[in-house]
Every structure is written in C-alpha cells, then in structure tokens.
Amino acid sequence: MENHPVKIAIIGVGAISGIYLQNITRTFREVELVGLCDLIPERAEKGAAYVKEEIEKGAQAPQPKIYKDMYEAFNDPQVEVILNLTRPYEHFEVTKQALLHGKHVYSEKPLGVDMEEAGELIALAEEKGLQIGGAPDTFMGAGIQTARHLIDTGMIGEVVGASCAMACHGHETWHPDPEFYYKRGGGPMLDMGPYYITALVQLLGEAKGLMGMTTRSFPHRLITSEPHLGETIDVDVDTWLSGNIEFSSGAIAQVFTTFDVHYTAQSRFEVYGTKGSLMVPDPNTFGGPVLLLRPEDAAAAPKTDPGLRRQGVPDFYAGWKEMPLLYDYAVNSRGLGLADMAKALRAGRDHRANYQQQRHVLEIMTGFSKSWEQRKYVAMETKYTRTAPMENNPMHGVLD
C-alpha cells in the first residue's frame with residue numbers, strides 16, 4: 001500500500017484559499033501541494049509566496065509551482081487530486097475537465113448549481129473510476145461530531161425534529177468580491193445552506209421530501225467593502241428561502257436561510273428528541289459549543305408558562321449544559337475533507353465528504369425553489385446513507 005502524501009493542485013486562489021493553504025501546509029500530513037492556478041496570476045503568486053514564508057518558518061512542505069492555466073495542472077503527471085476553489089458557477093466546468101483528464105476532484109460547495117450538473121459529473125466520475133467530493137467538511141469537526149455522538153447514543157431519545165436558521169444581511173459589507181453571491185449558483189441556500197443541510201443529514205439521516213417558499217427582497221445590492229465600494233449588484237437569485245424537510249426517520253426539520261435581515265447571531269441550530277434537546281454549534285465552524293437540555297435540568301423551574309417567567313432580554317439557553325467536545329479538529333480545519341479523501345484513496349475506503357452526500361444535499365437545497373415554483377410537496381429522488389463518524393487519531397493531521 002502506498003503511504004506517501006497525495007499530491008494536489010489548487011484551481012482558484014481566492015478568499016477561501018487562505019485557510020486551505022494554511023492547513024495543507026501546516027496541518028494535514030497526507031496531502032502535498034504541487035501547484036496553484038488562478039485566472040488572476042497575482043493571486044496564485046500570492047498563494048505561492050505564502051507557502052514559501054511557511055517553509056522558511058519550518059513547515060515541511062515543497063514549494064508549489066504556478067500553472068499558466070488549469071489545463072497545465074490537469075496534464076501534470078504528479079497531480080492526483082484537483083482542489084477546485086473556483087466560484088460556484090465555475091465548479092462544473094473545472095471539475096468536468098479535471099475528470100476528463102483523469103484527476104480525482106475535491107471542490108468547494110456546491111457540487112454543481114443544479115441536479116443536471118451534479119448528475120453529469122457523477123456519471124463521468126463513475127465511468128472513469130475517479131473520486132469526487134467536497135465541502136462542506138465542517139461536519140467532520142469536533143462540534144457536529146460530538147452532537148452526532150450524543151444523538152446516536154440516545155442522549156435526547158428519538159429525534160422528533162430540528163430547527164435551523166442562517167440569517168444575515170449578505171456579504172457585500174465585508175467580502176472583497178461579493179457579486180457572485182447574487183448570481184447563478186449563489187444566494188443564501190446554495191452558499192450557506194450546504195453547512196446546515198449537510199449537518200442535518202449527518203444528524204438525522206436521509207431526507208424523504210420537502211416543501212419550501214422563496215422570495216427576493218431586494219433587486220439590487222450596494223457594495224460597501226473594498227475594492228468595489230459603491231458599485232451596485234443586480235440580484236439574480238432568491239435571497240429568502242424557508243421550508244420544511246421530512247426525513248425518512250419521520251423527523252421534520254424547519255430550515256430558513258436569508259441575506260435580507262439584520263441579525264447578529266447569524267446561526268441557530270437545534271435538534272429535539274423525546275428525552276431532551278440539543279443546541280448544535282454553527283455548522284460553518286468546526287468547534288462548539290454543544291449544549292444539552294434534559295427534563296431533569298429544568299425540574300426545579302416553576303410550573304408556569306415559561307414565557308410569563310421572563311423579564312428583560314431572554315436567555316434562550318438558560319439551564320442548558322455545555323457538553324465536552326469528544327473529537328479532534330475544533331479550530332478552522334478546512335481541508336479536513338480533502339485530507340480524508342486522500343487517506344481514503346490510499347487506504348481503499350470511502351471518504352466522508354463524498355458525492356453521494358453532496359448530491360443529496362444539493363437536491364434538498366434546490367428542492368425548496370422547485371417546491372415553491374410548483375406549489376407542492378417535492379419527494380426526494382436521491383438516496384442517502386450517513387458516512388462514517390470520525391475516529392480520533394493520536395497524531396493530529398493524520399486521518400483514520
């Protein structure tokens with residue numbers, strides 16, 4: 001069995017690439033960066049310069065080359081896996097070309113902007129015997145893995161439902177290049193929804209069907225971040241999506257994502273069971289906190305309407321107990337799914353952030369708009385089996 005690192009090339013060296021470069025260079029020992037490519041050469045050069053600085057600080061990593069275009073990377077015989085960090089609407093073509101050139105692909109979310117794109121990529125990968133998968137990999141972190149363990153071991157009894165929301169006022173106030181969030185492949189569901197929906201299927205299992213309602217609150221967006229300060233974005237996608245998901249287990253989850261409201265917390269995620277409730281941490285993060293509430297924790301509370309007992313600003317999690325995190329990777333560990341794919345390629349096992357999961361999540365996310373357009377319940381066509389839970393390894397950066 002081969003045990004040398006899996007060699008990768010990055011296509012797209014934008015804002016998200018920084019944490020990938022850091023973790024590939026410093027944390028994950030079973031992947032090795034061979035080269036970088038971006039339509040804006042300066043971005044690739046900046047990424048290569050970062051790696052050089054890390055090497056000078058003692059990182060055990062080779063200096064990556066810079067490719068003139070993505071095809072040079074695809075034709076590099078050293079490269080085994082393409083890490084596709086391009087914009088959402090570019091994912092399909094980059095992944096397709098990489099597969100046609102015989103490379104495995106790990107991409108940022110989503111797998112494609114619709115089920116037709118996803119289906120074509122999966123068929124091509126299966127035809128060529130290649131692996132594809134991708135973000136989010138936050139579900140593999142300490143927080144959601146701990147929540148999954150508590151659910152699977154019966155700490156809240158049988159799951160009856162869940163409620164999760166991602167609420168903010170969009171990315172144009174802070175992101176250096178926010179326009180694509182409001183174009184095909186963008187919007188709050190395809191951008192942030194993957195974190196929430198992936199966590200839901202990891203915790204509750206296969207979705208059976210759903211109903212949704214969507215709208216577009218603002219036709220234009222004013223950018224207040226540099227370097228596009230003062231420019232206006234035409235909004236081409238819905239920015240308010242809500243609905244209910246029915247799971248094969250019988251549980252029902254409420255989901256809500258929007259770029260249209262002023263809200264500070266951004267994330268709320270709760271799972272309810274017959275014996276208690278669980279507060280799941282922000283699924284866009286890897287850590288905690290994970291909070292548990294069981295009936296005995298509230299036994300001493302007065303037997304009155306809880307709403308009548310409140311005075312002032314309510315503490316929604318008063319009486320909940322913070323649970324210890326049971327797994328590794330509590331800090332920003334983007335690239336964890338890539339490292340797991342690399343280990344899977346060497347070990348001959350399945351990887352956790354695989355296309356079966358990505359496809360099911362994409363069908364759910366696109367299903368909300370489909371349901372609203374058709375004004376009916378939409379049954380899921382894809383099947384889903386939860387991927388394996390994480391296993392702790394005493395060596396950080398090496399997967400099981």
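1. A residue is called buried when its relative accessible area is under 20%, exposed when that area is over 50%, and partly exposed in between (1.4 Å probe, protein chains only). By this definition helix α1 is mostly covered, with 7 of its 10 residues buried. Helices (H or I, at least four residues) and strands (E, at least two) are DSSP runs, numbered from the N terminus.

2. This note concerns a predicted model, in which local features need pLDDT of at least 70 and side-chain atom pairs count only at pLDDT 80 or more, while totals for chains, interfaces and linings use all residues. Residues are numbered from 1 along each chain as its sequence is written, and side-chain values use heavy atoms, with hydrogens and water left out.

3. The overall form of the chain may be considered next. The secondary structure of the protein chain comes to 11 helices and 17 strands. The C-alpha trace spans about 70 × 50 × 40 Å along its principal axes. The radius of gyration, taken over C-alpha atoms, is compared with a globule rule of 2.2 Å times the number of residues to the power 0.38. For 400 residues a compact globule would have a value near 21 Å, and the protein chain agrees, with 21 Å.

4. Of the 400 residues in the protein chain, 54% are buried. Contact means heavy atoms within 4.5 Å. Among contacts with a separation of 6 or more, 77% are between residues 24 or more positions apart.

5. Which residues of α1 are buried? They are S17, I19, Y20, L21, N23, I24 and T25. These residues pack against β1 (6-11), β2 (31-37), α2, β4 (81-84), β5 (104-107) and α10.

6. Two packed helices are described by the angle between their axes and the distance between the axes. Axes are lines fitted to C-alpha atoms, for helices over the stretch in contact, and angles run from 0 to 180 degrees between N-to-C directions. Helix α1 (residues 17-26) packs with helix α2 (residues 41-56) at an angle of about 35°, their axes being 10 Å apart. Their crossing is right-handed; a crossing is so named if the near helix is turned clockwise from the far one by less than a right angle, and left-handed if anticlockwise. In α1 the residues L21, Q22, T25 and R26 meet G47, Y50, V51 and E54 of α2.

7. The crossing of α5 and α11 is left-handed. M115, A118, I122 and E126 of α5 make the contact with Y355, R359, L362, E363 and T366 of α11.

8. Is G205 buried or exposed? G205 is buried, with a relative accessible area of 10%, and is found in the loop between α8 (193-204) and β8 (207-215). Not counting residues up to four places away in sequence, G205 touches L200, F247, Y384 and R386. The C-alpha atoms of G205 and T387 are separated by 9.6 Å, although these residues are 182 residues apart along the chain.

9. K343 lies in helix α10 (residues 336-347). K343 is buried, with a relative accessible area of 18%. Apart from its neighbours within four places in sequence, K343 is in contact with E30, R349, V398, L399 and D400.
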